[in-house]
Every structure is written in C-alpha cells, then in structure tokens.
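The structure is shown below.

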Amino acid sequence: MGQEALSYQEDFVSEGNKDLYEDNKLTYGINDKPELKLAIPLAIQHIVAAFSGIVAVPLVVGGVLGLSAVEMGYLVSTALFMAGLATFIQAKGFGKVGAKLPCIMGTDFTFVGPSIAVGSTMGLAGIFGATLLAAPIEMIISKFFPKIRRLFPPVVTGCVVTLIGLTVLPVAIDWAAGGYGAADYGSLKNIGVTLAVLTVIVSLNQFAKGFWSSASILIGTIFGYIIAYPLGMLEFSAVREAALINLPMPFKYGIAFSLTGFFAFIPAYLVTSIETVGDLLAVGEACNKELESEDISKGLMADGVGSMLAGVFGAGPNTSFSQNVGIIPLTGVGSRFVVILAGIILMFLGVFPKLGALIAIMPNPVLGGAGIVMFGMIAASGIKVLHDADLTRRNLLIIAISLGLGLGVVVRPDILSHLPKALKTFFQSGITTGTITALLLNIILPKMEE
C-alpha cells in the first residue's frame, strides 16, 4: 500500500512548491529525541495546552448528572490517565495502532451531549458501555481510509486545517476574557494578564534561542501563573482537597450495554473521526512528515483502541486534540518523543490528583495568552496550505463555501436548532461541516482549465 498511497505532501511538492515546503524548518524533527532535561518542559507545554480540554468533559457531564465529589474526582483523574495512555499509543505506535505522530489525545466535547443523554437514564455504567460498544466504529473507518485518501487534495486539506484553527480560536478568546460566563468577563485585569503572557511568548519565540525559544509557551504560562497570584486569581483549595492517589480500576462503576447508547454515540464517533483525519494532516504538515494513507489508518485505529480502553477503565472516548497542533510550528519542536513523554506525565497526573490540580487552577487569562497564538498558528498553517494549492475559480469556490459554512455553524449554532438530534450532533462541529462541504464540492464541481 505504501507506493500506491498518496500523501498530501507528495501532491504539494509535485505542484512546484518544494522550496516553500523546505522552508518549514524544525529544531527537532519527528523522530529526534531532545535531552530529557529539555524534553520534560517541552512535554509539559503540550499538557498545559490540552489540560482544560481533557478535564472539561468529565466535569460538565458529572455536574449535569449530579455526581458526588468522589465520583467527579475519579472521573477527572481517570480522564487524565486514559488521555495519557492514548497519547502514548498514538505517538509510540504499536503495529497497526498509532500513527507515530506527536498528537495529544483526550475526550472531545462532541461526546458531552451523548454522554448526558445516556447517563441520565443508565448512569455511568451506560456511558462506559456505549463508549466501549461504539468504539469499533473508528476502527472500521480506519480500514476504509486508504480507499478515500484521494478525496483529500491540498484544497480540501487546507480548508480542514484552517477550520481547526479558526473554530477553536473563540475558546482562546473566552479564556482571555476570564472564561465563558465569568462575572468579570472581559475585565481589564483579565485582558492585561492575557496580553502579558502573549507578549512573553512572542518575545521569547522571536528573539530568544535554544531552550528559551522552544519552551516559550511553557515559560509564558509560568510567568502568567506567577503574576496571577498577587492579583488574587489563584485559588489553592482544589489542590488541598484533591486525593493523594487515584488508581484506575476496570469497571469500577460497572458497565451496561444498550442499542440506545450505541446509536447515541455513533454520530459523535463519526464527527471525531473526521476531526482526527484533519488533525493528523495538520500535524503532518507541521512536522514535514509525508503522511500515507496507512499513517492515517493507524491514527484512527489508535482512536478506537484508546476509546475501548477508556470504556473499560471509566473514562470518555479518546480522540486527537486540535489545541496542540499549533505548538509544533510555533516552537519548532515536532518530536514525537516529547509527546510520548507528555503521555507518561499525563498518566502520572491521573494517578496523583494533587499534581493535576495545580494545573487545573491555572487562571483562564493565562491560558488565553497561550491559546491565541497556538490556535492562530494552526489557522496560519492551513492558510499556507491553501496558498500552495492551485487557486482556480473552482478551488476558490470550494474554499469560500466550506469555510463559510464551517465557521457559520460555530458563530450561529442556532441555525441547526430544527434539525433532528443526530444530524445536529453531527453538524454542530465546524470542522465536520466544513470538511464534508469541501469533500462534496471537490467531488461534484467539474475540474476545468482556466
């Protein structure tokens, strides 16, 4: 399959853009191994970027279901542990499982709705049963991907990568303002901390060298953490109340299978499969890695395996996280060894909740400063891909409509309010809507000489 499989990068270089492609220099390539004293802080950078996303789903689902503090603590710790395990599998690679790419894994917010729907009637056992039962969906999709790889030329890939960045930017803006729904949303204090963190990150990235440049995101967030303390933005009670140790246990809250739960989770798995393809393509672009169809298949298989394991140990389904893609071009570090280490640290945080709590209390404006530049870098990478595509009138039309619809469902989600629940779940992701649009238009619109 290796010779027959087409990669985005091969299409890209064949279009006469080799010089541009080679300009994307990395300090550490995908298989490079930085010294441990450097790799650890670089790994922590990835964890800081993904942490809120990983713990958000169990917190939201647990809150709606009215779980006890003990149950909530277990779900959060297990989510961290399983995210670390799934990350390790994806980045390390085991046979046909894992793309061997620097991808951080975790539970996507797409699964919140289905989890609440199933959990409200069948409890945690029903959620974990649906997670386990529907996980093979992604494994099946992984087997078919080599046959549809040709449907992802640069114009489609560029739209997908651009949407990944643009659709998560509002999250960074909410962080910068203090967090969605915060009483002091948009206060000068919040904006000031965000700008301070952003200034440190940009300054180090552009003017510093070596470790100080590569670890600019981590250093910027630590700086923000420090200045937030005298401003009264840190609350350490969560650290004091966190358990000393948490060991994930198989079927701790039981497991229950049902067709209702299975069908409720299918749309979410389909959505995250599409997003995973986009994330893998974006990481490949950032790392100068020639992705073949088999690489994508292995990445999707890792999603499925990670989700099955999560169902066994009491966590939500695992999929790739878009937040971390922007770290690679920003820092010049594309080493999967760093992300393997991040996976190990995440597992460690899951076992020792007090350590995870130290990251969990980080003020939103600190994350906002890092998020704006990271998510913006993802969008910029997508724009670069689109620039390198053949911008005919046909392709410009594909770009215009896919970006328009993809962003439209994010900024005006009520447009989907009258759709059936399954379709609403499927299309509420801007990445999914934009990707499906780009794929269909690329198939339908005739190619013509201009």
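This is a predicted model: local features need pLDDT of at least 70, side-chain atom pairs count only at pLDDT 80 or more; totals for chains, interfaces and linings use all residues.

How do the residues of the lining of the second largest cavity divide into nonpolar, polar and charged? The lining of this cavity has 6 nonpolar, 2 polar and 1 charged residues. Its residues are Pro102, Cys103, Ile104, Asp279, Val283, Ser320, Phe321, Asn324 and Val325.

**Cavities**

The count comes to 2 cavities of 30 Å³ or more. The largest cavity is lined by 13 residues, and Val57, Pro58, Phe128, Ala315 and Gly316 lie nearest its centre. Two or more lining residues come from each of α3 (36-65), α4 (69-92) and α5 (112-134). The largest share, 4 residues, is that of α5. By class, the lining of the largest cavity has 9 nonpolar, 4 polar and no charged residues.

The largest pocket holds about 1600 Å³ of space. Of its 45 lining residues, Ala56, Phe109, Val168, Val171 and Gln323 are the closest to the centre. Among the elements that give two or more residues to this lining are α7 (154-177), α12 (259-287) and α17 (364-388), while α3 gives the most, with 9 residues. The lining of the largest pocket divides into 25 nonpolar, 14 polar and 6 charged residues.

The second largest pocket is lined by 20 residues, of which Gly73, Val76, Ser77, Ala242 and Pro353 are the closest to its centre. The largest share of this lining, 7 residues, comes from α4. The classes here are 15 nonpolar, 4 polar and 1 charged.

| Space | Volume |
|---|---|
| Largest cavity | About 140 Å³ |
| Second largest cavity | About 40 Å³ |
| Largest pocket | About 1600 Å³ |
| Second largest pocket | About 510 Å³ |

Note on methods
Residues are numbered from 1 along each chain as its sequence is written. Side-chain values use heavy atoms; hydrogens and water are left out. On a 1 Å grid over the protein atoms alone, a cavity is a set of points where a 1.4 Å probe fits but cannot get out, and a pocket is an open set with protein on both sides within 12 Å along at least five of seven lines; lining residues have an atom within 4 Å of a point. Grid points are joined across faces, edges and corners, and a volume is the space filled by probe spheres set on the points. Ala, Val, Leu, Ile, Met, Phe, Trp, Tyr, Cys and Pro count as nonpolar, Asp, Glu, Lys and Arg as charged, and the others, Gly among them, as polar.
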